Amino acid sequence: MVDDAPSVWNPANVVTVLRIVVVPFFALALLDDGGHTVAGRLLATALFVAAAATDRLDGWLARRSGQVTDLGKLLDPIADKLLIGSGLVLLSWLGDLWWVVTVVILVRELGITVMRFFLLRYVVLPASRGGKLKTVLQAVAISLYLLPLAHLPAFVSVVAAAVMGVAVLVTVVTGLDYVRDAVRIRRAAGLPPAAGL
């Protein structure tokens, strides 16, 4: 019997793995000389933007070639969380971003991920338009903060702060929307809203 299952080493999964592999190199570039070198910041920004820009590429390749795999479904969100999470944590550790921003975003991301896991027995909760916008805003905001802002005009820092503020707002609002949807799904399943969440 011929196994028609797609290879786990298809182009889509290779792109996803490369996004994960980039993360430590991104971190090393950002932390070069305590995060104060222009070259290190520019390299970190370039690596982050390249990895973030391919976020949709792996999914598109998998669907286009009919090579959607369980491994890809598992690795894709891991790649996203590693990239965004490492960017936020490192920026806060370097003193470039308030820790409260990093904590709010990471708690929301972890909470929704856990909630989705518990909902899997009923339904796959897809990413909403707001969720996709949230991801884009987070990536853009982090990219701006990664730049060597001390060597750029002051308005760049203002733009970075404004975009991050909007990203945090959308992150919180979409998180609340997902929770509301989860409660609705649980009620439709005839279970108490708090059970399993």
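Let's start with residues 12-31: this span is 95% helix and 0% strand, with its end C-alpha atoms 30 Å apart. By helix I mean a DSSP run of H or I with at least four residues, and by strand a run of E with at least two, both numbered from the N terminus. Residues 131-148 are 89% helix and 0% strand, and there the end C-alpha atoms lie 28 Å apart. Both spans carry the feature "transmembrane region" in an unreviewed UniProt entry, which also places it at 97-119 and 154-179. UniProt positions are in the numbering used here, feature names are shortened, and annotations may be inferred rather than shown by experiment.

A word on what we're looking at. This is a predicted model, where local features need pLDDT of at least 70 and side-chain atom pairs count only at pLDDT 80 or more, while totals for chains, interfaces and linings use all residues. Residues are numbered from 1 along each chain as its sequence is written, and side-chain values use heavy atoms, with hydrogens and water left out.

pLDDT is the predictor's confidence in each residue, from 0 to 100. The chain's mean is 83, and 76% of its residues reach 70 or more. Altogether the chain has seven helices and zero strands.

Now, which residues have the most contacts inside the largest nonpolar core? They are Phe48, Ile142 and Met164, in a core of 32 residues. Such a core is a set of buried Ala, Val, Leu, Ile, Met, Phe, Trp, Tyr and Cys residues joined through side-chain atoms within 4.5 Å; buried means under 20% relative accessible area, exposed over 50%, partly exposed in between, using a 1.4 Å probe and protein chains only. Helices 1, 2, 4, 5, 6 and 7 each supply at least two of its residues.

Let's stay with Phe48. Leaving aside neighbours within four places in sequence, its contacts (heavy atoms within 4.5 Å) include Leu83, Ile84, Ala139 and Phe26.

Across the whole structure there is one aromatic pair. Phe26 and Phe48 form this tilted pair, 5.6 Å centre to centre with 45° between the planes. Phe26 lies in helix 1 and Phe48 in helix 2, so the pair ties together parts 22 residues apart in sequence. For the cut-offs, rings of Phe, Tyr and Trp (its six-membered ring) pair if their centres lie within 6.5 Å; planes under 30 degrees apart are stacked, over 60 edge-to-face, the rest tilted. Phe26 is buried at 0% relative accessible area, and Phe48 is buried at 0% too.
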